[in-house]
Amino acid sequence: MWGGRFAEGPSAVMRAINASIPFDKQMWRQDIAGSQAHAAMLAAQGIIGADDGAAIRAGLEQVAAGYEAGGVPEDLALEDIHMVTEARLADAIGTPAGRLHTARSRNDQVATDFRLWVRDAIDNALGGLEALRQTLLARAEQHADAVMPGFTHLQSAQPVTLGHHLMAYHDMVARDIGRFRDARARANRCPLGAAALAGTSFPIDRHATAAALGFDAPTTNSLDSVSDRDFAIEYLTSATQTSLHLSRLAEEFVLWASQPFGFVVLSDQWSTGSSIMPQKRNPDAAELVRGHAGRIVGLMTGLMVTMKGLPLAYSKDMQDDKPPVFECHQLLELSLAAMTGMVASATFRTDRMRGLAESGFATATDLADWLVRAAGLPFREAHHVTGRVVKRAEELGVSLDALPLGEMTAIDGRITAEVYDVLTVDASVASRVSYGGTAPVRVREAIAAARGGAA
Ligand code: ARG
């Protein structure tokens, strides 16, 4: 395709390092679509004849059908999907194939193909995230009243509800959706027609090709058009942020499925056995989601480092933009589907959660708040009195709501029997009615607002 000025062909290693066909063949649909739009525009503008335009368009369909049926041939000598497709087109229609590359370079061609690919990847992520979001909403609604220990420092802190806990993940996922939508809006500009770097002298219609490919508009600067990979990096950063959220949820599932916690039983479909220990139900999928997040961070970092030192405009380093994005897409799709499946099918052991919430003096803050509200103590003093009450309960091996009143009044005479109203975990969560709080009434409102499309 470019051998006119060379006397010798490339060495075998040159060929191997230069070729992107082993991975960019994944973009063949986008490459065909881009070429179809370009050929139609060239013909409409009178840059190529109507006959040639029609021959090219029919030929591209033939090439696509061949790929669909038999895959894309991995011809390293042809370097990449763009040249493989042009060669197949030449096989199919002969001379007119040579007119397709008029007013185009592989630089704007690859930028266009890759944007189309990333746009689909974003749409897939949005679909997967929405499925997870709906699943979290359904499970949160089911467990809006289920009391569990809330943790800080992984120490029992205050009772919360499982619905509230799951809605925390809902809110993360809703932000992820927002990020991918923002990324899509910026990615959806068409670089086709920027040519190699400077634009072209042919009377092309960039708005027509942009519209034909579903882009919102053409990109504005030809140099930026061929050297910008922000759209790929934004896909990776959005995926990274999502994978961090998935990984935290996965980590909680791993912890919760362990015997000491016993908060969740993952369904058989999402558990694996051990080849030696028959009792085992391992949360491998959750562990792999957690592991994949690490790989995704690495892929994001990799492309950032690839791009950071590149002068304008195109450099071949940029061919390395695709493997990390392709791999990230695969990992993210699997992770989203796995987390959705695990959340949907998990059995939450709410009895166990409640028991632990009741055993960890988790209503100590409620006692302190009561001393402020009912007995007028300054919060710092109430905190101190409560600390002594907790110490006494611990000595006697009872929970706060089972500590006899006499024990409490011995510590502070201002405590009365009304205090028992706030010491149960149900009373505690029901009292947290501040906006965004864990009270079941607020959790149900949050679920309803999220269903109303507030994502
Ligand atoms: N395979 C190349 C890539 O993915 C296509 C662009 C090649 N352009 C060039 N001037 N060699 O980046």
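Helix 15 (residues 379-396) has 18 residues, which at 1.5 Å a residue should span 26 Å; its end C-alpha atoms are 25 Å apart, in agreement with that value. The expected span is 1.5 Å times one less than the number of residues. Helices (H or I, at least four residues) and strands (E, at least two) are DSSP runs, numbered from the N terminus.

The model is predicted: local features need pLDDT of at least 70, side-chain atom pairs count only at pLDDT 80 or more, and totals for chains, interfaces and linings use all residues. Residues are numbered from 1 along each chain as its sequence is written, and side-chain values use heavy atoms, with hydrogens and water left out.

**Helix 15**

A382, V385, T386, V389, V390 and A393 are the buried residues of helix 15. They cover an arc of only 145° around the axis, which puts them on the same side of helix 15; the arc is that of the directions from the helix axis to the C-beta atoms. An α-helix has 3.6 residues a turn, so residues three or four places apart point the same way. R380, H384, K391, E394 and E395 are exposed on the other side of helix 15. Buried means under 20% relative accessible area, exposed over 50%, and partly exposed in between (1.4 Å probe, protein chains only). Helix 14 (364-375) and helix 16 (405-411) are included in what covers the buried residues of helix 15. G397 follows helix 15 and has a positive phi, near 70°.

**Domains 2 and 3**

The domain assignment (automatic or from a database) gives domain 1 (12-102), domain 2 (107-353) and domain 3 (356-451). The C-alpha centres of domain 2 and domain 3 are 40 Å apart. Their contact (heavy atoms within 4.5 Å) takes 25 residues from domain 2 and 21 residues from domain 3. About 1800 Å² is buried between domain 2 and domain 3, with 60% given by carbon and sulfur atoms. This area is the accessible area (1.4 Å probe) that two parts lose on being put together, summed over both. In domain 2, Q158, P159 and H164 lose the most area to domain 3, together 28% of what that side buries.

**Backbone**

Most residues other than glycine have a negative phi, and most peptide bonds are trans. The table gives departures from this.

| Site | Value | Loop |
|---|---|---|
| L312 to A313 | cis, omega near 0° | A313: helix 11 (284-308) to helix 12 (322-345) |

A103 is buried, with a relative accessible area of 8%.
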